[in-house]
Amino acid sequence: MKLTSFSRSLLGAAILTLCAGNASAAEKVTLKLAHNLERSHVVHKAFEQMAKEVKELSHGNMQIRIYPSSQMGSARETMELLQNGALDMTKGSASDLESFDNVYAIYNLPYLFKNQQHFNNVVYGEVGKEIMNSTKDKGFFTMAAYVAGTRSFYAKKPITKPEDLKGMKIRVQASPTTLKMIELMGGSPTPISFGEVYTAMQQGVVDGAENNVPSWVQTRHIEIAKVFSEDEHTSIPDFLVMSTKTWNKLTPEQQQILAKAATDSEVYEQKLWDEVDKESREKATSMGATFVKVDKAPFRAAVKPLYDDFAKDPKQAALLAKFEAAAPQ
Ligand code: GCU
């Protein structure tokens, strides 16, 4: 359920009252949040905004200390730290989270959403929330979801049909669904953590990768792989991951503050995303990179077996039906 702006402001007011009443009694807490994105990434900026809001709403009693740029390790490593109790929060894309709970696999299906509205209806709607709250018994759940555009292939040469991927090693995130997707399309998937892709491309360990435009540009992969072929195979959200153990230690007031700041950070990130996507495209063109239009039909056809597999698993099939029902008419 999405909060209306009225109920949001009521919640805000309630939080402020609670904080004012409890300020002196409140316990001080510092939460550690580590992730693998650079400081320039919009999700990092959304986290900074969230930390600021949490500090303000708690009158300094709650702080979030952010460790960006894989300082505490890859997405997989920070998830493990979180599950072991060494970290309170991290960022995981649905691809990273798939190995920690299969419920996130669905977001890695290619050509899942009809358009941006469909994505929003799912991710910020009832089924999206159901997914976010469903993993508490695994030691984590997700508190905010962030748009991350659409992912396409980039390499030194255009990739306009599945046959072009033949013999190409493509860097992917460690998602079993994505690995299968690349195989079905005809390429060789190579899982590598985000922070190590530049070197892998430079050394020719992989021949290409796939990501959204801002990540292609910000990571400077564009310097090596100048052709971006827009087959737009996936739209995979990023998530703010919270440790269940840490969450249970917070007071109800602290939980409310954090939940509000996390929801507000979604709105903030969405606004920044649209700007950075446009800027990144302009920058790419000015760097002499090229965007190639792609007929998606053969790519869609190649990945159909992934959907057939999903349909065989009753749990996944039920989830998929909910995703489809959320499509705009
Ligand atoms: C995107 C996404 C990140 C992810 C990265 C990757 O940039 O926003 O969360 O880590 O892709 O390909 O690893």
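Start by selecting helix α6 (residues 126–133) and helix α14 (residues 314–325): their axes come within 9 Å and cross at roughly 145°. Axes here are lines fitted to C-alpha atoms, for helices over the stretch in contact, with angles running from 0 to 180 degrees between N-to-C directions. Helices (H or I, at least four residues) and strands (E, at least two) are DSSP runs, numbered from the N terminus. Show side chains for Val127, Glu130 and Ile131 on α6, plus Leu319, Lys322 and Phe323 on α14, and you have the contact (heavy atoms within 4.5 Å). Colour that set by type and you get four nonpolar, no polar and two charged residues.

Before moving on, some housekeeping. This is a predicted model, where local features need pLDDT of at least 70 and side-chain atom pairs count only at pLDDT 80 or more, while totals for chains, interfaces and linings use all residues. Residues are numbered from 1 along each chain as its sequence is written, and side-chain values use heavy atoms, with hydrogens and water left out.

Next, pick helix α7 (residues 176–185) and helix α13 (residues 304–312), whose axes come within 9 Å and cross at roughly 140°. That angle makes α7 oblique to α13 (under 35 degrees is roughly parallel, over 145 roughly antiparallel, 65 to 115 roughly perpendicular, and the rest oblique). On the α7 side, show Thr177, Lys180, Met181 and Leu184; on the α13 side, Pro305, Leu306 and Asp309. This contact divides into four nonpolar, one polar and two charged residues.

Jump to Met79 in helix α3 (residues 75–83). Is Met79 buried or exposed? At 0% relative accessibility, Met79 counts as buried (under 20% relative accessible area is buried, over 50% exposed, in between partly exposed, with a 1.4 Å probe and protein chains only). Beyond the neighbours within four places in sequence, Met79 is in contact with Thr90, Leu97, Phe100, Phe140 and Val241. Val241 is 162 residues away along the chain, yet the two C-alpha atoms are separated by 8.3 Å.

Then try Asp207, in the loop between α8 (197–202) and β8 (208–211). Asp207 is partly exposed, at 35% relative accessibility. The Asp207 side chain reaches the backbone nitrogen of Lys169 at 2.7 Å.

Last stop: backbone torsions. His59, in the loop between α2 (42–57) and β2 (62–67), has a positive phi of about 55° although it is not a glycine. Ser70, in the loop between β2 and α3, also has a positive phi, about 60°.

Key. Nonpolar A, V, L, I, M, F, W, Y, C, P; charged D, E, K, R; others polar. Polar contact = N/O pair within 3.5 Å; in protein donor to acceptor, adjacent residues only side chain to side chain.
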